[in-house]
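Dear colleague,

I am passing on the structure below, followed by an account of what was found in it. Please read the notes on confidence together with the rest.

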Amino acid sequence: MLTRRSDFLAANHGLRVARPGFVLLVRANGGQGKRYGITVTKKVGNAVVRNRMKRRFRELLRAALPLEGLPDHDHVLIGRDGGIERDFARMRDELGIALARAAEGKGDAPRGQRGRRR
RNA sequence: CCAGGGGGCCGGGCAGCCGCGUCGCUUAUGCGCCGAGGAAAGUCCGGGCUCCACGAAGCAAGGGUGGCGGGUAACCCCCGCCGGGCGGGUCUGCUUGCAGGCGAAGCCCAGGGAAAGUGCCACAGAGAGUAUACCGCCGAUGGCCCCGGAUCAGGUCCGGGGCACAGGCAAGGCUGAAAGGGUGCGGUAAGAGCGCACCGGGGCGUUGGUAACAAGGUCCGCAUGGCAAACCCCACCCGGAGCAAGACCGAAUAGGGGUGUCGCGCCGCAAGGCAGGCCGGCUUCGGCCGAGGCACCCGGGUUGGUUGCUUGAGCGCUGGGGCAACCCAGGGCCUAGAUGAAUGGCUGCCCCUGCGGCGCGGGUCCUUCACGGAUACCACCCGCAGGACAGAACCCGGCUUACAGGCCCCCUGGCACU
(Lines give C-alpha, C1' and ligand atoms only; values in the text may rest on other atoms or scores of the structure.)
Protein backbone atom coordinates (compact mmCIF):
# COMPACT_ATOMS: atom_id res chain seq x y z
CA MET A 1 0.00 0.00 0.00
CA LEU A 2 1.38 3.39 -1.02
CA THR A 3 0.79 6.18 1.45
CA ARG A 4 3.36 8.83 0.63
CA ARG A 5 2.55 11.68 -1.67
CA SER A 6 6.01 11.52 -3.22
CA ASP A 7 5.38 7.94 -4.37
CA PHE A 8 2.19 9.02 -6.11
CA LEU A 9 3.96 11.93 -7.81
CA ALA A 10 6.71 9.59 -8.98
CA ALA A 11 4.15 7.18 -10.44
CA ASN A 12 2.98 9.98 -12.71
CA HIS A 13 6.22 9.64 -14.61
CA GLY A 14 5.70 5.94 -15.35
CA LEU A 15 3.60 4.16 -17.93
CA ARG A 16 -0.01 5.16 -18.25
CA VAL A 17 -2.88 2.95 -19.51
CA ALA A 18 -6.40 4.37 -19.62
CA ARG A 19 -9.54 2.20 -19.54
CA PRO A 20 -13.23 3.05 -18.97
CA GLY A 21 -13.60 3.41 -15.24
CA PHE A 22 -9.96 3.81 -14.32
CA VAL A 23 -6.46 4.83 -15.35
CA LEU A 24 -3.52 2.55 -14.51
CA LEU A 25 -0.09 3.99 -13.74
CA VAL A 26 2.89 1.63 -13.53
CA ARG A 27 6.46 2.50 -12.54
CA ALA A 28 9.52 0.48 -11.48
CA ASN A 29 10.35 1.08 -7.83
CA GLY A 30 13.82 -0.46 -7.57
CA GLY A 31 13.27 -3.78 -5.86
CA GLN A 32 10.57 -2.93 -3.30
CA GLY A 33 8.15 -5.60 -4.52
CA LYS A 34 4.64 -5.16 -5.91
CA ARG A 35 3.02 -2.16 -4.35
CA TYR A 36 -0.22 -0.40 -5.15
CA GLY A 37 -2.02 2.88 -4.52
CA ILE A 38 -5.42 4.34 -5.29
CA THR A 39 -6.37 7.89 -6.17
CA VAL A 40 -9.95 9.09 -6.41
CA THR A 41 -10.40 12.84 -6.68
CA LYS A 42 -13.32 14.91 -5.59
CA LYS A 43 -14.18 15.41 -9.23
CA VAL A 44 -15.64 11.91 -9.24
CA GLY A 45 -18.19 12.45 -6.50
CA ASN A 46 -18.81 12.82 -2.81
CA ALA A 47 -17.26 10.78 -0.02
CA VAL A 48 -19.72 7.92 -0.44
CA VAL A 49 -18.93 7.52 -4.10
CA ARG A 50 -15.19 7.92 -3.63
CA ASN A 51 -14.89 5.41 -0.83
CA ARG A 52 -16.98 2.85 -2.67
CA MET A 53 -14.79 3.25 -5.72
CA LYS A 54 -11.67 2.73 -3.61
CA ARG A 55 -13.08 -0.49 -2.16
CA ARG A 56 -13.85 -1.86 -5.60
CA PHE A 57 -10.38 -0.95 -6.88
CA ARG A 58 -8.77 -2.59 -3.88
CA GLU A 59 -10.67 -5.75 -4.65
CA LEU A 60 -9.61 -5.61 -8.29
CA LEU A 61 -5.95 -5.22 -7.38
CA ARG A 62 -6.07 -7.93 -4.74
CA ALA A 63 -7.21 -10.44 -7.36
CA ALA A 64 -4.98 -9.29 -10.19
CA LEU A 65 -1.64 -8.24 -8.72
CA PRO A 66 -0.22 -11.58 -7.49
CA LEU A 67 -0.60 -13.19 -10.95
CA GLU A 68 -0.64 -10.38 -13.48
CA GLY A 69 1.11 -7.58 -11.65
CA LEU A 70 4.57 -6.39 -12.68
CA PRO A 71 7.26 -7.44 -10.18
CA ASP A 72 9.04 -4.64 -8.34
CA HIS A 73 6.67 -2.01 -9.71
CA ASP A 74 4.31 0.49 -8.15
CA HIS A 75 0.73 0.26 -9.47
CA VAL A 76 -1.58 3.22 -9.11
CA LEU A 77 -5.24 3.22 -10.09
CA ILE A 78 -6.94 6.56 -10.69
CA GLY A 79 -10.72 6.63 -10.51
CA ARG A 80 -12.80 7.89 -13.41
CA ASP A 81 -16.52 8.26 -14.05
CA GLY A 82 -18.17 4.85 -14.41
CA GLY A 83 -15.90 3.13 -11.91
CA ILE A 84 -18.91 2.23 -9.79
CA GLU A 85 -21.62 1.41 -12.29
CA ARG A 86 -19.41 -0.74 -14.56
CA ASP A 87 -19.74 -4.51 -14.21
CA PHE A 88 -17.11 -5.89 -11.85
CA ALA A 89 -16.07 -8.92 -13.98
CA ARG A 90 -15.69 -6.66 -16.99
CA MET A 91 -13.43 -4.28 -15.12
CA ARG A 92 -11.39 -7.23 -13.92
CA ASP A 93 -10.76 -8.26 -17.56
CA GLU A 94 -9.93 -4.70 -18.48
CA LEU A 95 -7.43 -4.46 -15.66
CA GLY A 96 -5.79 -7.67 -16.91
CA ILE A 97 -5.47 -6.23 -20.40
CA ALA A 98 -4.10 -2.98 -19.03
CA LEU A 99 -1.49 -4.83 -16.98
CA ALA A 100 -0.51 -6.90 -20.03
CA ARG A 101 -0.06 -3.78 -22.12
CA ALA A 102 2.01 -2.20 -19.39
CA ALA A 103 4.19 -5.31 -19.17
CA GLU A 104 4.92 -4.99 -22.89
CA GLY A 105 5.84 -1.38 -22.40
CA LYS A 106 2.91 -0.15 -24.47
CA GLY A 107 1.64 2.71 -22.40
CA ASP A 108 0.74 6.22 -23.25
CA ALA A 109 3.31 8.90 -22.76
CA PRO A 110 3.76 10.06 -19.20
CA ARG A 111 1.73 13.05 -18.21
CA GLY A 112 3.30 16.45 -18.11
CA GLN A 113 4.92 16.23 -21.53
CA ARG A 114 1.71 15.76 -23.43
CA GLY A 115 0.20 18.84 -24.97
CA ARG A 116 3.25 20.93 -24.23
CA ARG A 117 5.60 19.48 -26.77
CA ARG A 118 5.48 22.28 -29.28
C1' C B 1 -68.19 -0.32 6.38
C1' C B 2 -67.61 4.95 4.69
C1' A B 3 -65.28 9.84 5.35
C1' G B 4 -61.57 12.91 7.69
C1' G B 5 -57.09 13.01 10.56
C1' G B 6 -52.73 11.67 13.71
C1' G B 7 -48.57 8.65 15.45
C1' G B 8 -44.86 4.71 15.81
C1' C B 9 -41.63 0.94 13.65
C1' C B 10 -38.80 -1.95 9.99
C1' G B 11 -35.96 -0.77 5.96
C1' G B 12 -34.18 -7.44 3.15
C1' G B 13 -33.29 -12.78 5.62
C1' C B 14 -30.27 -17.45 5.74
C1' A B 15 -25.89 -20.00 3.96
C1' G B 16 -21.11 -20.87 1.30
C1' C B 17 -16.29 -19.33 -0.90
C1' C B 18 -12.46 -15.44 -1.39
C1' G B 19 -10.88 -10.77 1.13
C1' C B 20 -10.22 -6.07 4.60
C1' G B 21 -9.67 -3.52 9.87
C1' U B 22 -9.11 -3.51 15.45
C1' C B 23 -8.36 -6.81 19.45
C1' G B 24 -7.02 -11.67 21.73
C1' C B 25 -4.38 -16.36 21.40
C1' U B 26 -0.62 -18.64 18.77
C1' U B 27 3.80 -18.01 16.50
C1' A B 28 7.15 -17.50 11.16
C1' U B 29 1.89 -19.86 9.78
C1' G B 30 -2.74 -19.60 11.29
C1' C B 31 -7.25 -19.55 14.55
C1' G B 32 -11.16 -16.96 17.13
C1' C B 33 -14.39 -12.56 18.51
C1' C B 34 -16.44 -8.13 16.78
C1' G B 35 -17.15 -4.73 12.64
C1' A B 36 -21.96 1.59 9.94
C1' G B 37 -27.05 4.61 10.06
C1' G B 38 -32.07 6.18 10.93
C1' A B 39 -30.60 9.59 8.99
C1' A B 40 -23.56 7.91 9.94
C1' A B 41 -25.85 13.67 5.80
C1' G B 42 -26.53 19.34 6.22
C1' U B 43 -23.02 21.35 10.13
C1' C B 44 -28.24 24.80 11.84
C1' C B 45 -28.85 25.09 17.54
C1' G B 46 -27.54 23.12 22.69
C1' G B 47 -23.92 20.64 25.88
C1' G B 48 -19.65 17.40 27.61
C1' C B 49 -14.29 17.39 26.94
C1' U B 50 -9.57 20.20 25.82
C1' C B 51 -6.58 24.42 25.41
C1' C B 52 -6.35 29.77 25.47
C1' A B 53 -7.99 34.34 27.65
C1' C B 54 -9.83 36.38 32.25
C1' G B 55 -7.66 41.60 38.99
C1' A B 56 -12.58 43.92 40.56
C1' A B 57 -16.89 46.94 39.80
C1' G B 58 -19.84 49.72 36.56
C1' C B 59 -21.05 51.30 31.64
C1' A B 60 -21.19 50.67 26.49
C1' A B 61 -21.26 47.54 22.19
C1' G B 62 -22.55 42.94 19.74
C1' G B 63 -25.40 38.35 19.46
C1' G B 64 -29.57 35.36 21.02
C1' U B 65 -34.47 34.13 23.22
C1' G B 66 -39.82 35.96 23.59
C1' G B 67 -47.90 33.37 25.81
C1' C B 68 -47.97 30.34 30.67
C1' G B 69 -46.44 26.04 33.47
C1' G B 70 -43.36 21.80 33.38
C1' G B 71 -39.11 18.40 31.44
C1' U B 72 -33.75 18.48 30.70
C1' A B 73 -26.79 18.84 31.64
C1' A B 74 -28.62 22.50 28.20
C1' C B 75 -31.36 24.43 24.04
C1' C B 76 -33.90 28.11 18.89
C1' C B 77 -35.61 21.13 21.61
C1' C B 78 -39.75 18.16 23.96
C1' C B 79 -44.59 17.75 26.81
C1' G B 80 -49.14 19.84 28.75
C1' C B 81 -52.22 24.07 28.88
C1' C B 82 -53.88 29.08 27.10
C1' G B 83 -54.88 32.63 23.07
C1' G B 84 -55.51 33.57 17.71
C1' G B 85 -56.33 31.59 12.46
C1' C B 86 -58.31 27.24 9.56
C1' G B 87 -61.61 23.26 10.15
C1' G B 88 -66.97 18.39 9.25
C1' G B 89 -70.95 20.70 10.83
C1' U B 90 -74.54 23.51 13.52
C1' C B 91 -77.42 27.92 15.10
C1' U B 92 -79.35 32.99 14.39
C1' G B 93 -80.78 37.22 11.38
C1' C B 94 -82.73 39.21 7.21
C1' U B 95 -82.84 42.24 1.67
C1' U B 96 -82.71 34.28 0.12
C1' G B 97 -77.53 34.28 -0.66
C1' C B 98 -75.12 36.97 2.14
C1' A B 99 -73.65 38.44 7.23
C1' G B 100 -72.60 36.87 12.06
C1' G B 101 -72.18 33.45 16.50
C1' C B 102 -70.61 28.55 18.25
C1' G B 103 -67.35 24.67 16.65
C1' A B 104 -65.26 17.37 16.70
C1' A B 105 -60.66 14.84 15.68
C1' G B 106 -56.87 17.57 13.91
C1' C B 107 -53.53 21.32 11.28
C1' C B 108 -50.86 26.22 11.41
C1' C B 109 -48.64 30.55 14.48
C1' A B 110 -40.50 34.41 15.45
C1' G B 111 -47.62 34.39 19.93
C1' G B 112 -43.74 40.55 24.58
C1' G B 113 -44.71 46.07 23.52
C1' A B 114 -48.00 49.72 17.91
C1' A B 115 -52.22 55.39 23.70
C1' A B 116 -42.78 55.98 24.42
C1' G B 117 -40.96 57.84 19.85
C1' U B 118 -39.34 57.70 14.55
C1' G B 119 -40.47 55.39 9.95
C1' C B 120 -43.19 52.58 6.00
C1' C B 121 -48.17 51.15 3.77
C1' A B 122 -46.24 49.93 -3.65
C1' C B 123 -50.25 49.60 -7.63
C1' A B 124 -55.24 50.87 -7.79
C1' G B 125 -58.42 54.41 -5.63
C1' A B 126 -62.14 60.43 -4.30
C1' G B 127 -59.72 59.03 0.12
C1' A B 128 -54.17 55.02 3.43
C1' G B 129 -54.04 57.64 9.35
C1' U B 130 -54.22 65.24 11.54
C1' A B 131 -59.09 60.19 6.92
C1' U B 132 -61.46 61.62 2.25
C1' A B 133 -65.65 64.08 -1.02
C1' C B 134 -64.98 61.89 -7.47
C1' C B 135 -69.88 59.99 -8.66
C1' G B 136 -73.83 60.50 -5.45
C1' C B 137 -77.95 61.92 -1.55
C1' C B 138 -80.39 66.24 0.49
C1' G B 139 -81.26 71.22 0.07
C1' A B 140 -85.02 71.23 6.36
C1' U B 141 -82.37 76.55 7.06
C1' G B 142 -80.58 80.90 4.16
C1' G B 143 -80.53 82.80 -1.18
C1' C B 144 -82.68 83.44 -6.26
C1' C B 145 -86.95 82.65 -9.72
C1' C B 146 -92.25 81.57 -10.76
C1' C B 147 -97.62 81.10 -9.34
C1' G B 148 -101.84 82.08 -5.96
C1' G B 149 -103.81 84.92 -1.72
C1' A B 150 -103.87 89.32 2.03
C1' U B 151 -102.71 94.77 1.99
C1' C B 152 -103.99 101.31 -2.11
C1' A B 153 -98.66 100.80 -3.88
C1' G B 154 -93.19 100.12 -3.07
C1' G B 155 -92.67 96.51 0.18
C1' U B 156 -94.09 92.90 3.79
C1' C B 157 -96.64 88.36 5.32
C1' C B 158 -98.97 83.37 4.24
C1' G B 159 -99.32 78.97 0.96
C1' G B 160 -97.49 76.07 -3.29
C1' G B 161 -93.76 74.92 -7.03
C1' G B 162 -88.79 75.21 -9.11
C1' C B 163 -83.14 76.11 -9.29
C1' A B 164 -78.85 73.50 -7.02
C1' C B 165 -76.07 79.44 -5.24
C1' A B 166 -74.58 79.08 0.02
C1' G B 167 -74.63 74.97 2.79
C1' G B 168 -75.61 69.93 5.10
C1' C B 169 -74.33 64.45 4.70
C1' A B 170 -71.19 60.23 4.33
C1' A B 171 -75.86 55.75 3.72
C1' G B 172 -74.76 53.71 -1.48
C1' G B 173 -71.12 53.17 -5.85
C1' C B 174 -65.69 52.35 -7.02
C1' U B 175 -60.35 50.69 -5.67
C1' G B 176 -57.54 47.79 -2.48
C1' A B 177 -54.27 43.16 1.66
C1' A B 178 -56.60 46.93 4.60
C1' A B 179 -61.64 52.42 3.97
C1' G B 180 -61.84 54.72 11.02
C1' G B 181 -66.81 48.84 14.73
C1' G B 182 -70.84 44.99 12.22
C1' U B 183 -76.24 43.62 11.30
C1' G B 184 -81.23 45.20 11.92
C1' C B 185 -84.98 48.67 13.46
C1' G B 186 -86.13 53.58 14.64
C1' G B 187 -84.92 58.42 13.27
C1' U B 188 -83.98 62.48 9.54
C1' A B 189 -84.44 67.17 4.47
C1' A B 190 -80.76 63.52 3.58
C1' G B 191 -77.84 61.19 7.02
C1' A B 192 -74.69 59.73 11.02
C1' G B 193 -73.94 55.37 17.78
C1' C B 194 -78.00 60.35 16.69
C1' G B 195 -81.27 56.60 19.70
C1' C B 196 -82.37 51.29 20.67
C1' A B 197 -81.60 45.54 20.32
C1' C B 198 -77.94 41.73 19.46
C1' C B 199 -72.74 40.88 18.45
C1' G B 200 -67.83 43.08 18.90
C1' G B 201 -64.55 46.66 21.77
C1' G B 202 -62.54 49.57 26.05
C1' G B 203 -62.33 50.97 31.59
C1' C B 204 -63.24 49.28 36.67
C1' G B 205 -63.70 45.97 40.38
C1' U B 206 -65.61 40.34 41.54
C1' U B 207 -65.02 35.01 41.21
C1' G B 208 -62.11 30.63 39.50
C1' G B 209 -57.07 29.16 38.12
C1' U B 210 -49.75 28.35 40.36
C1' A B 211 -50.05 31.16 35.77
C1' A B 212 -51.10 32.44 30.63
C1' C B 213 -56.25 33.30 30.92
C1' A B 214 -61.54 32.47 31.46
C1' A B 215 -66.57 33.50 33.26
C1' G B 216 -70.19 36.57 34.67
C1' G B 217 -71.20 41.95 36.79
C1' U B 218 -71.09 47.14 36.05
C1' C B 219 -69.89 51.71 33.48
C1' C B 220 -68.65 53.95 28.57
C1' G B 221 -71.71 54.95 22.29
C1' C B 222 -66.87 53.68 21.02
C1' A B 223 -61.78 57.62 21.71
C1' U B 224 -56.10 55.06 19.60
C1' G B 225 -55.86 50.37 11.33
C1' G B 226 -51.52 47.15 9.83
C1' C B 227 -46.09 46.33 9.82
C1' A B 228 -41.47 45.44 15.39
C1' A B 229 -38.16 38.50 10.03
C1' A B 230 -38.20 48.37 9.91
C1' C B 231 -35.37 51.23 13.58
C1' C B 232 -36.59 50.88 18.46
C1' C B 233 -38.39 49.89 23.81
C1' C B 234 -38.90 46.00 27.81
C1' A B 235 -37.41 41.35 30.34
C1' C B 236 -33.94 37.37 30.52
C1' C B 237 -29.37 34.76 28.67
C1' C B 238 -24.29 34.84 26.46
C1' G B 239 -15.77 34.85 26.98
C1' G B 240 -12.83 32.63 22.41
C1' A B 241 -11.32 28.54 19.60
C1' G B 242 -11.86 23.66 18.40
C1' C B 243 -9.76 16.44 18.53
C1' A B 244 -5.92 19.54 12.57
C1' A B 245 -8.39 20.75 20.52
C1' G B 246 -4.60 19.11 23.68
C1' A B 247 -0.58 15.77 25.80
C1' C B 248 3.91 12.73 25.15
C1' C B 249 8.57 10.76 22.39
C1' G B 250 13.20 11.69 19.58
C1' A B 251 18.57 14.31 16.32
C1' A B 252 20.61 19.28 13.77
C1' U B 253 19.85 25.18 12.91
C1' A B 254 17.12 30.40 13.59
C1' G B 255 14.20 32.62 17.27
C1' G B 256 12.12 31.96 22.95
C1' G B 257 12.55 31.69 28.72
C1' G B 258 15.48 31.93 33.53
C1' U B 259 19.85 33.42 36.49
C1' G B 260 24.33 36.29 37.02
C1' U B 261 27.08 40.50 35.42
C1' C B 262 27.94 45.18 32.71
C1' G B 263 24.74 48.96 31.62
C1' C B 264 20.19 51.86 31.39
C1' G B 265 14.81 58.64 29.38
C1' C B 266 14.60 62.26 34.01
C1' C B 267 15.41 63.00 39.72
C1' G B 268 18.20 60.25 43.50
C1' C B 269 24.37 57.53 46.82
C1' A B 270 20.51 53.96 47.28
C1' A B 271 15.54 52.35 48.26
C1' G B 272 12.27 54.43 45.30
C1' G B 273 9.50 58.14 42.47
C1' C B 274 8.09 60.40 37.66
C1' A B 275 7.49 60.20 32.17
C1' G B 276 6.07 56.13 28.97
C1' G B 277 3.95 51.15 27.70
C1' C B 278 0.62 46.85 28.87
C1' C B 279 -3.70 44.71 31.60
C1' G B 280 -10.51 42.60 25.73
C1' G B 281 -13.90 48.98 23.88
C1' C B 282 -14.35 53.14 27.89
C1' U B 283 -13.94 55.10 33.18
C1' U B 284 -12.18 54.61 38.32
C1' C B 285 -9.28 51.99 41.74
C1' G B 286 -5.54 48.33 41.44
C1' G B 287 -1.48 45.36 39.23
C1' C B 288 2.75 44.44 35.86
C1' C B 289 6.77 46.10 32.71
C1' G B 290 10.10 49.87 32.24
C1' A B 291 16.56 49.84 26.80
C1' G B 292 20.20 46.58 25.59
C1' G B 293 25.11 43.61 25.51
C1' C B 294 27.83 39.20 27.38
C1' A B 295 28.21 34.33 30.00
C1' C B 296 25.82 29.89 31.77
C1' C B 297 21.49 26.87 32.06
C1' C B 298 16.56 25.36 30.39
C1' G B 299 13.31 24.14 26.75
C1' G B 300 12.00 22.77 21.21
C1' G B 301 8.18 25.41 15.44
C1' U B 302 7.76 21.97 11.07
C1' U B 303 7.60 16.37 9.70
C1' G B 304 6.82 11.28 11.67
C1' G B 305 5.07 8.08 15.63
C1' U B 306 2.22 7.29 20.29
C1' U B 307 -1.89 9.15 22.96
C1' G B 308 -6.59 11.72 23.25
C1' C B 309 -10.18 7.11 21.30
C1' U B 310 -14.32 5.07 23.06
C1' U B 311 -17.95 2.88 29.64
C1' G B 312 -21.41 6.75 27.98
C1' A B 313 -26.39 12.75 30.16
C1' G B 314 -25.01 4.43 27.29
C1' C B 315 -28.53 0.07 25.89
C1' G B 316 -32.51 -3.04 26.82
C1' C B 317 -35.64 -5.75 31.18
C1' U B 318 -38.72 -5.51 35.67
C1' G B 319 -41.23 -2.46 39.31
C1' G B 320 -42.91 2.44 40.78
C1' G B 321 -44.30 8.01 40.08
C1' G B 322 -46.40 11.48 36.35
C1' C B 323 -52.17 13.32 31.70
C1' A B 324 -47.40 13.63 29.12
C1' A B 325 -42.32 15.06 28.02
C1' C B 326 -39.66 12.59 31.59
C1' C B 327 -37.92 10.86 36.39
C1' C B 328 -36.62 7.12 40.38
C1' A B 329 -35.16 2.10 42.10
C1' G B 330 -33.36 -2.95 41.26
C1' G B 331 -30.67 -6.52 38.88
C1' G B 332 -28.41 -7.45 33.67
C1' C B 333 -25.29 -6.27 29.15
C1' C B 334 -20.50 -4.18 26.64
C1' U B 335 -22.31 -2.89 21.27
C1' A B 336 -16.95 -0.15 15.12
C1' G B 337 -12.60 2.62 16.39
C1' A B 338 -10.24 3.33 10.71
C1' U B 339 -6.23 7.58 9.75
C1' G B 340 -4.35 7.30 1.35
C1' A B 341 -8.96 6.25 6.10
C1' A B 342 -11.40 -1.27 7.45
C1' U B 343 -17.21 -3.24 7.03
C1' G B 344 -16.00 -5.44 0.13
C1' G B 345 -16.60 -9.11 -4.24
C1' C B 346 -18.99 -13.52 -6.20
C1' U B 347 -22.71 -17.42 -5.77
C1' G B 348 -27.20 -20.33 -4.14
C1' C B 349 -32.12 -20.46 -1.78
C1' C B 350 -36.10 -17.51 0.15
C1' C B 351 -38.99 -12.59 0.31
C1' C B 352 -41.30 -8.16 -2.40
C1' U B 353 -42.46 -5.58 -7.24
C1' G B 354 -42.82 -5.46 -12.64
C1' C B 355 -42.63 -7.86 -17.55
C1' G B 356 -42.84 -12.29 -20.61
C1' G B 357 -43.98 -17.59 -21.40
C1' C B 358 -46.36 -22.28 -21.09
C1' G B 359 -49.17 -26.17 -19.00
C1' C B 360 -52.44 -27.86 -15.37
C1' G B 361 -56.33 -26.12 -11.87
C1' G B 362 -60.26 -22.47 -10.73
C1' G B 363 -63.52 -18.42 -12.55
C1' U B 364 -66.17 -16.14 -16.77
C1' C B 365 -68.02 -16.49 -21.81
C1' C B 366 -69.42 -19.31 -26.63
C1' U B 367 -71.37 -23.87 -28.36
C1' U B 368 -73.19 -28.47 -27.07
C1' C B 369 -76.59 -34.26 -24.90
C1' A B 370 -71.54 -34.48 -24.52
C1' C B 371 -66.75 -33.78 -26.66
C1' G B 372 -64.71 -29.03 -27.50
C1' G B 373 -63.20 -23.80 -27.95
C1' A B 374 -62.03 -18.63 -26.24
C1' U B 375 -59.87 -15.56 -22.23
C1' A B 376 -56.67 -8.39 -21.77
C1' C B 377 -59.38 -12.55 -14.65
C1' C B 378 -57.08 -15.41 -10.16
C1' A B 379 -53.44 -18.76 -7.98
C1' C B 380 -49.28 -22.25 -9.12
C1' C B 381 -44.71 -23.19 -12.23
C1' C B 382 -40.47 -21.33 -15.36
C1' G B 383 -37.37 -17.24 -17.25
C1' C B 384 -35.60 -12.12 -17.11
C1' A B 385 -35.08 -7.37 -14.69
C1' G B 386 -35.23 -4.44 -10.33
C1' G B 387 -35.11 -3.80 -4.54
C1' A B 388 -34.43 3.18 -1.87
C1' C B 389 -31.74 7.35 0.70
C1' A B 390 -27.06 6.78 1.80
C1' G B 391 -20.73 5.31 4.66
C1' A B 392 -18.83 6.38 11.42
C1' A B 393 -13.84 9.99 11.96
C1' C B 394 -13.82 13.04 19.84
C1' C B 395 -18.67 11.99 22.08
C1' C B 396 -23.81 13.05 23.33
C1' G B 397 -29.15 15.80 23.11
C1' G B 398 -32.11 18.10 19.27
C1' C B 399 -33.61 20.36 14.55
C1' U B 400 -33.71 20.10 9.25
C1' U B 401 -33.26 17.58 4.73
C1' A B 402 -33.15 12.61 1.60
C1' C B 403 -35.64 7.77 1.27
C1' A B 404 -37.84 1.82 -3.07
C1' G B 405 -41.04 -0.87 -0.39
C1' G B 406 -43.62 -2.75 3.86
C1' C B 407 -45.94 -3.41 8.88
C1' C B 408 -48.64 -1.81 13.22
C1' C B 409 -51.52 1.36 16.43
C1' C B 410 -54.77 5.39 17.74
C1' C B 411 -58.55 9.60 17.44
C1' U B 412 -63.23 12.10 15.50
C1' G B 413 -67.92 12.05 12.79
C1' G B 414 -71.66 9.10 10.19
C1' C B 415 -74.31 4.50 8.77
C1' A B 416 -75.64 -0.69 9.69
C1' C B 417 -75.95 -4.90 12.96
C1' U B 418 -75.67 -7.35 17.84
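Chain A holds three helices and four strands, where helices (H or I, at least four residues) and strands (E, at least two) are DSSP runs numbered from the N terminus. Along the sequence these elements follow the pattern α-β-β-β-α-β-α. This is a predicted model, in which local features need pLDDT of at least 70 and side-chain atom pairs count only at pLDDT 80 or more, while totals for chains, interfaces and linings use all residues. Residues are numbered from 1 along each chain as its sequence is written, and chains are lettered from A and ligands numbered from 1 in the order in which they are written.

On confidence, the mean pLDDT of chain A (the predictor's confidence in each residue, from 0 to 100) is 77, and 90% of its residues reach 70 or more. Over residues 112–118 pLDDT stays under 50, and the model has two contacts for them beyond four places in sequence; two residues are in contact if their C-beta atoms, placed from the backbone, lie within 7 Å. For the complex, the predictor gives an ipTM of 0.69 and a pTM of 0.69.

Of the 118 residues of chain A, 29% count as buried, a term that requires 20 or more other C-beta atoms within 10 Å of the residue's own, whereas exposed means 12 or fewer and partly exposed lies in between, with C-beta atoms placed from the backbone. Among contacts between residues at least 6 apart in sequence, 78% join residues at least 24 apart.

Turning to RNA strand B, 19 residues lie around it, of which Arg5, Thr39, Val48, Arg55 and Phe88 come nearest; a residue is near a molecule or strand if its C-beta atom, placed from the backbone, lies within 6 Å of it. The elements that give two or more residues to this surface are α1 (5–11), β3 (35–39) and α2 (47–68), and α2 gives the most, with nine residues. By class, the surface has seven nonpolar, five polar and seven charged residues, with Ala, Val, Leu, Ile, Met, Phe, Trp, Tyr, Cys and Pro counted as nonpolar, Asp, Glu, Lys and Arg as charged, and the others, Gly among them, as polar.

Helix α2 also has buried residues, namely Arg50, Met53, Arg56, Phe57, Leu60 and Leu61, and what covers them includes β2 (22–28), β3, β4 (73–79) and α3 (88–103). This helix bends by about 25° at Arg62, with a proline, Pro66, following within four residues; the bend is the angle between axes fitted to the seven residues ending there and the seven starting there.

Asp7, in helix α1, is partly exposed, with 16 other C-beta atoms within 10 Å, and, leaving aside its neighbours within four places in sequence, is in contact with Leu2, Gly37 and Asp74. Asp72 is in the loop between α2 and β4, and its phi is near 50°, a positive value in a residue other than glycine.

With best wishes
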